[in-house]
Amino acid sequence: MKAIDDLYKSVYLDEKGKDDFEQLLLEVEKGREAYSEQAYVPDEIVQLMKKAGFFRALVPRIFGGNAGNPLPFLQSIERLASVDGSAAWVASFGSSNYYLAALPLEVQKIIYKNGPDQMFAGGLFPVQPAVKEGDGWLVNGQWKFSSGCKTADWIGVGISEQTGSGFQDRPRTAIFPADQVDIVDNWNVFGMEGTGSHDLSVTDKHVTEDWTFIRGAQAIVKEPIYNIPTVAFSGQVHTAVILGLAAAAISELLLICKGQTTTGAPSLADRAYFRMGLSRATASFLSVRSYFYAVCEKVWHEIEQGNEISVDLTNEMRLSATYTAQICAEVVEKSYSLSGINSIFLRSRLQKILRDAMVINQHAHINESVFDGAGAVMTDVEPFYGYI
């Protein structure tokens with residue numbers, strides 16, 4: 001279908017990195033099966049991501065980054081995800097540099113002294129108690145879900161000062177050079193295997209106060225993009241990945257629908273139920289995609305006008321991202337069902353797309369609980385803690 005075929009024409013991060021992005025797509029397509037087997041995307045692919053501009057997209061311009069309208073970044077993540085979900089998820093952590101903008105400027109200068117293409121990975125939970133010691137903190141513990149940690153330049157972990165009544169409300173992120181953090185090789189999952197979201201371990205490491213920041217703190221850097229609400233934006237980034245997976249699922253149906261069936265029965269394209277299912281799935285995908293990007297554009301328009309992002313618009317960011325992710329997961333599931341018996345085999349692209357989509361939809365920023373928070377804001381009821 002032309003609407004799907006033409007979807008990613010002229011999608012790239014910036015003109016200078018266009019050829020590098022195309023090269024990245026080719027290399028990811030060639031190597032994607034290996035990423036699942038080794039449970040991470042290799043460094044040579046991450047280097048291509050850097051050349052294409054993914055890891056400078058949210059870096060402050062004062063440090064040589066391209067922080068600006070995030071729409072090209074989101075669309076480029078989507079396009080990469082249409083080739084491989086895990087690779088896109090790793091590239092999407094170029095958005096994590098957004099958080100580093102809350103660090104003191106002198107610390108950021110150190111992080112970016114060798115250039116803006118720095119990969120930051122984090123494992124914030126479960127938050128671990130840290131002991132206040134001198135000018136900083138003594139850090140110990142183990143953390144989960146650190147996507148891309150094996151190829152990161154910098155790694156953050158979640159700590160909090162323990163008090164008599166428990167922990168501080170918001171976790172503090174402590175930043176270390178990647179070689180100071182141990183990786184616990186335990187990413188054994190049924191989808192998104194290539195993200196390499198292993199556990200992190202730190203033993204008796206001291207970090208000074210200036211190399212930490214409170215999660216959700218206002219950025220020190222005064223550039224427009226850092227006025228976008230962090231959690232809501234994170235949800236948008238995750239949704240961009242599942243959008244690409246849904247597009248890939250529909251494309252796979254179009255590739256296989258005219259082929260010979262196992263039993264010699266009519267091709268899928270000659271069956272009414274298949275044609276109806278395909279067209280409905282395509283309409284669902286294109287509809288929520290339009291809704292999702294319309295909200296993204298609205299947010300950036302407000303930023304350009306110098307306006308603060310309202311609670312209502314923040315809520316719309318979260319609702320649109322979560323609803324889009326949910327519908328995309330349904331599109332993938334429907335595509336798998338329509339594809340027939342051949343998709344049960346591990347060699348089938350559709351079964352991998354299905355597993356990846358199911359894993360993404362479990363993420364806290366776009367899971368079912370968001371609908372409760374969104375409904376609370378809409379009805380002027382206090383939403384659950386941390387929603388806005």
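These legends walk through several close-up views of a predicted model.

View 1. Start with the overall division: the domain assignment of the protein gives domain 1 (1–102), domain 2 (118–214) and domain 3 (228–379). This view looks at domain 1 and domain 2, whose C-alpha centres lie 24 Å apart. Where they touch, 20 residues of domain 1 are in contact with 16 residues of domain 2. The size of an interface is often given as the accessible area lost when the parts come together. Here, domain 1 and domain 2 bury about 1600 Å² between them, and 66% of that area is on carbon and sulfur atoms. On the side of domain 1, the residues that lose the most area to domain 2 are Ala39, Tyr40 and Leu100; together they account for 27% of what that side buries.

View 2. How many salt bridges are counted between domain 1 and domain 2? The count is 1. A salt bridge joins the side chains of Lys50 and Asp153, with 2.9 Å from N to O. Helix 5 gives the most, with 4 residues. Sorted by class, the side of domain 1 that touches domain 2 has 13 nonpolar, 5 polar and 2 charged residues.

View 3. Helix 3 covers residues 43–52. Its buried residues are Ile45, Val46, Leu48, Met49, Lys50 and Ala52. Notice Lys50 in that list: its side chain is the one that meets Asp153 in a salt bridge. What do the buried residues of helix 3 pack against? They pack against helix 2 (18–38), helix 4 (71–81) and helix 5 (85–92). Glu44 is also found in helix 3, but this residue is exposed, with a relative accessible area of 54%. The C-alpha atoms of Glu44 and Thr151 are 9.4 Å apart, while along the chain these two residues are 107 residues apart.

View 4. Why can helix 5 be called largely enclosed by the rest of the structure? Because 8 of its 8 residues are buried. They are Gly85, Ser86, Ala87, Ala88, Trp89, Val90, Ala91 and Ser92. The elements that cover them include helix 2, helix 3, helix 4, helix 8 (230–256) and helix 11 (349–360). At the N-terminal end of helix 5, look for the cap: a side-chain oxygen of Asp84 lies 3.3 Å from the backbone nitrogen of Ser86.

View 5. Ala39 has a positive phi of about 65° although it is not a glycine. You can find Ala39 in the loop between helix 2 and helix 3. Is Ala39 buried or exposed? Ala39 is buried, because its relative accessible area is 11%, under the 20% cut-off. Asp380 also has a positive phi, of about 60°, and is not a glycine either. Asp380 sits in the segment after helix 12 (369–378). In contrast to Ala39, which is buried, Asp380 is exposed, with a relative accessible area of 74%.

View 6. In strand 1 (residues 120–133) you will find Pro126. The peptide bond from Phe125 to Pro126 is cis, with omega near -5°. Now move to strand 7 (residues 198–208), where Ser201 is found. Ser201 is buried, with a relative accessible area of 16%. Which residues is Ser201 in contact with, leaving aside its neighbours within four places in sequence? They are Gly141, Gln142, Trp143, Val181, Asp182 and Val184.

Terms used:
Residues are numbered from 1 along each chain as its sequence is written. This is a predicted model: local features need pLDDT of at least 70, side-chain atom pairs count only at pLDDT 80 or more; totals for chains, interfaces and linings use all residues. Side-chain values use heavy atoms; hydrogens and water are left out. Buried means under 20% relative accessible area, exposed over 50%, partly exposed in between (1.4 Å probe, protein chains only). Helices (H or I, at least four residues) and strands (E, at least two) are DSSP runs, numbered from the N terminus. Contact means heavy atoms within 4.5 Å. Domain bounds come from an automatic or database domain assignment. Buried area is the accessible area (1.4 Å probe) that two parts lose on being put together, summed over both. A salt bridge is a side-chain nitrogen of Lys or Arg within 4 Å of a carboxyl oxygen of Asp or Glu. Ala, Val, Leu, Ile, Met, Phe, Trp, Tyr, Cys and Pro count as nonpolar, Asp, Glu, Lys and Arg as charged, and the others, Gly among them, as polar. A polar contact is a pair of N or O atoms within 3.5 Å; within protein, one must be able to donate a hydrogen and the other to accept it, and residues adjacent in sequence count only if both atoms are side-chain atoms.
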